[in-house]
Amino acid sequence: MHDIWSYIAVMSAVTIAIRLTPALLLRREIKNVFVRSFLYYVPYVTLAVMTFPAIMETTRIPAAGAAAFAFSLYLAWNGASLFRVAAGASATVFLVELLFFA
């Protein structure tokens, strides 16, 4: 039981260090255009990296996930709302799996 508490303590220290280091080192506004652009896209890339594997692994067949991904990209590229993109991807998975397993 002692090991669990030491693991939690180390995890907490690492998490706090990661969050406090930028705040302590960067006291002024970032003016570099490249760094600002890089930091702007970090949340989107993180979301994509977490979402894409789930799209491919949660369907019964990877083709359904790939079709849903392609259709959602098409919808998003053409200005559909987030709700319509999610609904379209879900409908695509449903239809592709219905065709393969019916």
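In the predicted model, helix α3 passes α4 in a right-handed crossing. The axes of these two helices come within 8 Å, and the angle between them is roughly 150°. Angles over 145 degrees count as roughly antiparallel, and α3 and α4 are therefore roughly antiparallel to each other. On the α3 side, the contact is made by A63, A64, A67, A68, F71, S72, L75 and A76. These residues meet R84, V85, G88, A89, T92, V93, V96 and E97 of α4. Sorted by class, the contact of α3 with α4 comprises 11 nonpolar, three polar and two charged residues.

Helix α3 also packs against α2, with axes that come within 7 Å and cross at roughly 135°. Angles from 65 to 115 degrees count as roughly perpendicular and those over 145 as roughly antiparallel; α2 and α3 are therefore oblique to each other. From α2, the residues F52, I55 and M56 take part in the contact, and from α3 the residues P62, G65, A66 and F69. The contact of α2 with α3 has six nonpolar residues and one polar residue, and no charged residues.

The largest pocket of the model has a volume of about 800 Å³. Its lining consists of 23 residues. Nearest the centre of this pocket lie L47, T51, I55, S72 and V85. Two or more lining residues come from each of α2 (33-57), α3 (62-77) and α4 (82-101). Of these helices, α2 gives the most to the lining, with eight residues. By class, the lining of the largest pocket has 17 nonpolar and six polar residues, and charged residues are absent.

I55 belongs to the α2 side of the contact with α3 and is among the residues nearest the centre of the largest pocket. S72 of α3 and V85 of α4 take part in the contact between those helices, and both are likewise listed among the residues nearest the pocket centre.

How values were computed: Residues are numbered from 1 along each chain as its sequence is written. This is a predicted model: local features need pLDDT of at least 70, side-chain atom pairs count only at pLDDT 80 or more; totals for chains, interfaces and linings use all residues. Side-chain values use heavy atoms; hydrogens and water are left out. On a 1 Å grid over the protein atoms alone, a cavity is a set of points where a 1.4 Å probe fits but cannot get out, and a pocket is an open set with protein on both sides within 12 Å along at least five of seven lines; lining residues have an atom within 4 Å of a point. Grid points are joined across faces, edges and corners, and a volume is the space filled by probe spheres set on the points. Helices (H or I, at least four residues) and strands (E, at least two) are DSSP runs, numbered from the N terminus. Ala, Val, Leu, Ile, Met, Phe, Trp, Tyr, Cys and Pro count as nonpolar, Asp, Glu, Lys and Arg as charged, and the others, Gly among them, as polar. Axes are lines fitted to C-alpha atoms, for helices over the stretch in contact, and angles run from 0 to 180 degrees between N-to-C directions. Angles under 35 degrees count as roughly parallel, over 145 as roughly antiparallel, 65 to 115 as roughly perpendicular and the rest as oblique. A crossing is left-handed if the near helix is turned anticlockwise from the far one by less than a right angle, and right-handed if clockwise. Contact means heavy atoms within 4.5 Å.
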